[in-house]
Amino acid sequence: MHIELRDIRKTFGDVRANDGISLAFEPGRIYGLLGENGAGKSTLMKILAGYQPADSGRILLNGQPAHFATPADALRRGVGMVYQDPLDFPPFTVLENYLLGRDRAVNLDFRQAAAELRAILDRYGFAVDMDAAIGSLSLGERQQLELVRLLAGGAQALILDEPTTGISASQKDALFATMRRMAAEEGKSIILVSHKLEEIQELCGHAFVLRKGQLVGETALPCPNRALVEMMFGQVPERTPRPPAAVEQPLLEISGLGVRTQRLTVGDINLSIRRGEVFGLAGLEGSGQALLMKAVAGLLPAASGRIALDGLDITHLDYHQTRAAGVAYVAAGRLEEGLIAGLSLTEHILLAAPRRDQTFFIRWGAARETTSGRIALCEVVGVPDSTAEQLSGGNQQRMLYAMLNEGLRLILLDQPTRGLDVRSADYIWELLYARRREGTAILFYSPDLDEIIERSDRIAVFSGGVMSRIVEAARTTADELGHLIGGQQ
Amino acid sequence: MNDTLLVRILASIALQAAPLMIAVTGETLTERAGVVNLSLDGKMLMAAMTGFVVAYTTGSLILGFLAAALVGALFALIVAFGSITLKHNQVAIGFVLTLLGADLSAFLGQNFTRLPGPSVGKFAVPYLKDLPVLGPIFFNQNAIFYFAILLVAAAWWWLFRTQPGLHLRGAGERPEAAFARGASVTRLRYLYTVLGGALVGVAGASYSLGIKIGWSEGHTAGLGWIALAIVIFGGWSPARGALGAVVFGATKSLATVFQQNVQGVSVVAFNTLPWLLMIGVLLLVSSDWVARVANLLPPRLRGGFLRLVQVTPPRALGVEFGQE
Ligand SMILES: Nc1ncnc2c1ncn2[C@@H]1O[C@H](COP(=O)(O)OP(=O)(O)OP(=O)(O)O)[C@@H](O)[C@H]1O
Ligand SMILES: [Mg+2]
């Protein structure tokens, strides 16, 4: 299907999210849509997918003007989108979630739907328990299910807004292979929004670059990364190297730790993390890394073992007590666990303040000032009175860092740069390195092996709830980690 | 054997529970779409009054029920308009309407108090009524009872086995996602608020035309509030809600039995029994105790166990939806 966007405009208040964008997508090709956080990529794609109307401009499908009242409307015309945060129904089962909006028949045919779903899942090499509740799946699995739903709905053009977040390397390869096949054999147009330049280079034949709501460049791929980055930011940003770690005394000591949840049991973790150390946890999403961090943060009870921070036993402290002891936890689900939709940025900063700084009567003037300072430091595009859901995905991520207090001893990060553009990701690490110089230890999980190797001092790999031996980041490769993830010691 | 005291008590429990089942089902449908309609008790009073007065003056039960359904729907429409279109607080609107319903029904019905009037009769199902024990309890019942049972079954089927039911639950769970799948959230919410209101209206009329026949001020004795509690107790499922209604009715008659047979304890104390039970269960099913118990079970059984006992309210219950 030939898709053309003509002079699309969309403003939110004073923000010109899309400022006159015109571009075209040919059938059978894969496109990359690039741009820094807040450039307007998601806005443009939501307009194309019928999720929100443009203020002005036109959409042409095969030369015919199209008006989409809803995303379901767009899907009937062959345009489907996987959203940045999967739009699904957490308490529903996988099957119910798949069936909602699937067709117009009154009676639900669970058996047929199960067969259909299983066939598509198998075709793309995805494995999902169909009786599980959506809420118990990882973000990656939920994205896959969204994709599968669109394919079943007959999408001719597929938009994927940062889809590779949280899926394994092998799943990603399978996904890319199918995307290639769908473009080449089935003539589908595919648009991939991503901040991972390597992925764009690997998969896409053509890239469009947005900046501040305008199309600032396009190029055939592959091309040098530098060229893309320059288009995105107007200049090539510096990359902050990891400052060397001084060998310090241990800060966090974990011995024989076990954590149990309904889905996964993590057993016998032994780990010692030094002051000022950056420790990376690798592995597939949902292999136990998040459980380990949640147990340390006091968000999950430890089933066995002992956790000590600076000699203090924190095994049985709850979240508020570990917070008071200087532990901070930054969750992966931005709007689910980290931020509160509907509350202003100032209110977020107030809530995150340590208890000793909290006063009964709120001094709004001072609070706004603090907030301005914090969001300026973390380069959040927004004002103290913006609400959390108004921020673009990347800016929500930065907001999580703006909420971190001073004088922390340990920061636990679940996917710290999820959805950030390269410059923002680098900036976040610069902020984290500054913390590290004060002696704060950093324990983080990232699905991106390159990020883990580049940013950590030492690394442990998780596979199905089991932690591997610990490797030095300087002496390992993505390949070696890949083997460990596969369970080969 | 079919005429023992126990059988008669059980049959009466089943009948007493019927209006409650209807009201609970109506409110469950409304809340599943994401709207809390707190005007339930006021609606029920208004409907009980209207149903009786219309049936009394026209001599037609059908007209009485229709009028009651209309009144319930009208009250619900006010809640829907205020909360969905004007985006006012659902709780506040519903609450004020409850107070209004109580006083308005007392005022409008003052000339009709304590009059003998028409009532819904028994209907015996051929053959089945002769079954031992089950026959008199379930198949030689008031027509209202059959309606309640059929309604509960239909609502359960609609919610959990049909595409429109999936849309309905989606609208209450995550409206923006339901919208993305093609549901018209605003229309759904209007529809099920009004439908739920109409059912509560029918429940009110069932009471004044089938259980405690006639009209007096405050006739339904707080049944609307009980229904609201049972919606939660029932985990927003019509089947569990019906069970809740029966359990409530049973503890109520148990209290009556105790009152007659146990000496030395204040009679009023027994009336608290159903409430204590309900609070106890609510505290248990909505706490993380359920998860702890589940973790003791073998993994295979955990999911099913949780689905059975855990209650989670629709996530967008009371949350307004506005599309860009
Ligand atoms: N619903 C909304 N209300 C107010 N402002 C919005 C809304 N949606 C987007 N914006 C603003 O529009 C701009 C573009 O946002 P958009 O989500 O399109 O960015 P993006 O390119 O997808 O960024 P990211 O890479 O961070 O996801 C941002 O400044 C954002 O704050
Ligand atoms: Mg985006």
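Buried area, as I use the term, is the accessible area, taken with a 1.4 Å probe, that two parts lose on being put together, summed over both. This is a predicted model, in which local features need pLDDT of at least 70 and side-chain atom pairs count only at pLDDT 80 or more, while totals for chains, interfaces and linings use all residues. Residues are numbered from 1 along each chain as its sequence is written, chains are lettered from A and ligands numbered from 1 in the order in which they are written, and side-chain values use heavy atoms, with hydrogens and water left out.

With that in hand, chain B and chain A bury about 2700 Å² between them, and 59% of it is on carbon and sulfur atoms. On the chain B side, B:Gln163, B:Arg174 and B:Arg181 lose the most area to chain A, together 28% of what that side buries. Counting contact as heavy atoms within 4.5 Å, 28 residues from chain B and 34 residues from chain A take part.

Three salt bridges cross this interface, a salt bridge being a side-chain nitrogen of Lys or Arg within 4 Å of a carboxyl oxygen of Asp or Glu. B:Arg174 also forms a salt bridge with A:Asp88, where the closest N and O atoms are 3.4 Å apart.

Helices here are DSSP runs of H or I with at least four residues, and strands are runs of E with at least two, numbered from the N terminus. How do α12 and α13 of chain A pack? Helix α12 (residues 345-352) and helix α13 (residues 364-377) of chain A pack at about 95 degrees with their axes 9 Å apart, the axes being lines fitted to C-alpha atoms over the stretch in contact and the angles running from 0 to 180 degrees between N-to-C directions. The two helices α12(A) and α13(A) are therefore roughly perpendicular, a label given to angles of 65 to 115 degrees. Among the residues in contact are A:Leu345 and A:Ile349 in α12(A), and A:Trp364 and A:Ile375 in α13(A).

Finally, two backbone details: the peptide bond from A:Leu221 to A:Pro222 is cis, with omega near -5 degrees, and A:Pro222 lies in the loop between β10 (214-220) and α8 (225-233) of chain A. A:Asp310, in the loop between β14 (304-309) and β15 (312-313) of chain A, has a positive phi near 55 degrees.

Key
Parallel < 35°, antiparallel > 145°, perpendicular 65-115°, else oblique.
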